[in-house]
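I opened the notebook to keep track of what I looked up, one entry per topic. The structure comes first, then my notes.

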Amino acid sequence: PKPDVAELPFPAESLRTELHSPQLRLVNQDGDTVDLAALRGKVVMLTAVYSTCPLSCPLILGQAKAAIADLPAALRGDLHVIAVSMDPANDSPAVLAKLAREHEIAAPQYSLVTGDPTEVERVLDDLGIARSRNPETGVIDHANLFLLVDRDVHRERDVADHHGRGRRARQALEEALVDHAGVDVEARQPQGRRRAIDEGGDPAQ
């Protein structure tokens, strides 16, 4: 029988790339400057959202939270999530602060960033995030991506879980976080979670 795609393990090594990340220096929901280059030595998960998004963006933020919550506590401090606004003309820091409160996320681990629209659009283009606005409704049709930036500020491929289960992002984060940390992730995971990953199952179930 044809294998269930959602059950396949994440092929981390075969998806590695050596793309340099774009310059990203924007302002987060607290009004603080977030500079991607200053996060060298950390692992960064990049994505894009906007405050009035009716469906996809809440799912994106929910998947990010779930993936991070499932990581061993020893690794979470080395991870940052940067979500770039796709509607910078309307998403001020105050608007993004409200969005952050609604999703119970906070800086410094989560930065929802905005800035001059021209600069923000340049960042989105450099990240390869496809988007288009419906002129009648104002809804932005967009790609749902999670792009990982490793500790050396090299970008890796999209690790979004388009089946909505979050395993792909979770496994990719663990792979990136342990690259230079010397942490045995498997030894730090509960027995049930280790078994689920070994068998390709969903640890959240």
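Entry 1, Thr 114. I listed the contacts of Thr 114, leaving aside neighbours within four places in sequence, and found Leu 26, Val 27, Ser 85, Pro 88, Asp 91, Ser 92, Pro 93, Leu 96 and Val 120. I note here that the model is a predicted one. Thr 114 sits in the loop between strand S6 (110–113) and helix H4 (117–127). Is Thr 114 buried or exposed? Its relative accessible area is 4%, and the cut-off for buried is under 20%, so Thr 114 is buried.

I found Asp 91 in the loop between strand S5 (79–85) and helix H3 (93–102). The backbone oxygen of Asp 91 is 2.9 Å from a polar side-chain atom of Thr 114. Which side chain of opposite charge is nearest to Asp 91? It is Arg 133, 8.0 Å away. Asp 91 is buried and has no salt bridge. I did find a polar contact of 2.7 Å between the side chains of Asp 91 and Ser 85. With neighbours within four places left out, the contacts of Asp 91 are Tyr 50, Ser 51, Ser 85, Leu 96 and Thr 114.

I went through H4 and noted Val 120, Val 123, Leu 124 and Leu 127 as buried. These residues cover an arc of only 95° around the axis, so they lie on the same side of H4. On the face turned away from the buried side I found the exposed residues Thr 118 and Asp 125. At the N-terminal end, Asp 116 caps H4, with a side-chain oxygen 3.1 Å from the backbone nitrogen of Thr 118. Just after H4, Gly 128 has a positive phi of about 75°.

Pro 22 is in the loop between strand S1 (19–20) and strand S2 (25–27). I checked Pro 22 against Leu 127: the two are 105 residues apart along the chain, and their C-alpha atoms are separated by 7.1 Å. Pro 22 is buried, at 12% relative accessible area.

How many salt bridges does the whole structure have? The search gave 8. One of them joins Asp 35 and Arg 25, at 3.6 Å from N to O. Asp 35 is in strand S3 (residues 33–35) and Arg 25 in strand S2, so the pair ties together parts that are 10 residues apart in sequence. I wrote down Asp 35 as partly exposed at 26% and Arg 25 as exposed at 57%.

Glu 119 belongs with Arg 122 and Asp 126 in a network of salt bridges.

I counted disulfides and got 0. Cys 53 is buried at 10% relative accessibility, and Cys 57 is buried at 3%.

Key
Residues are numbered from 1 along each chain as its sequence is written. This is a predicted model: local features need pLDDT of at least 70, side-chain atom pairs count only at pLDDT 80 or more; totals for chains, interfaces and linings use all residues. Side-chain values use heavy atoms; hydrogens and water are left out. Helices (H or I, at least four residues) and strands (E, at least two) are DSSP runs, numbered from the N terminus. Buried means under 20% relative accessible area, exposed over 50%, partly exposed in between (1.4 Å probe, protein chains only). Lys and Arg count as positive and Asp and Glu as negative; His and the chain ends are not counted. A salt bridge is a side-chain nitrogen of Lys or Arg within 4 Å of a carboxyl oxygen of Asp or Glu. A polar contact is a pair of N or O atoms within 3.5 Å; within protein, one must be able to donate a hydrogen and the other to accept it, and residues adjacent in sequence count only if both atoms are side-chain atoms. Contact means heavy atoms within 4.5 Å. The arc is that of the directions from the helix axis to the C-beta atoms. A disulfide is a pair of cysteine sulfur atoms within 2.5 Å.
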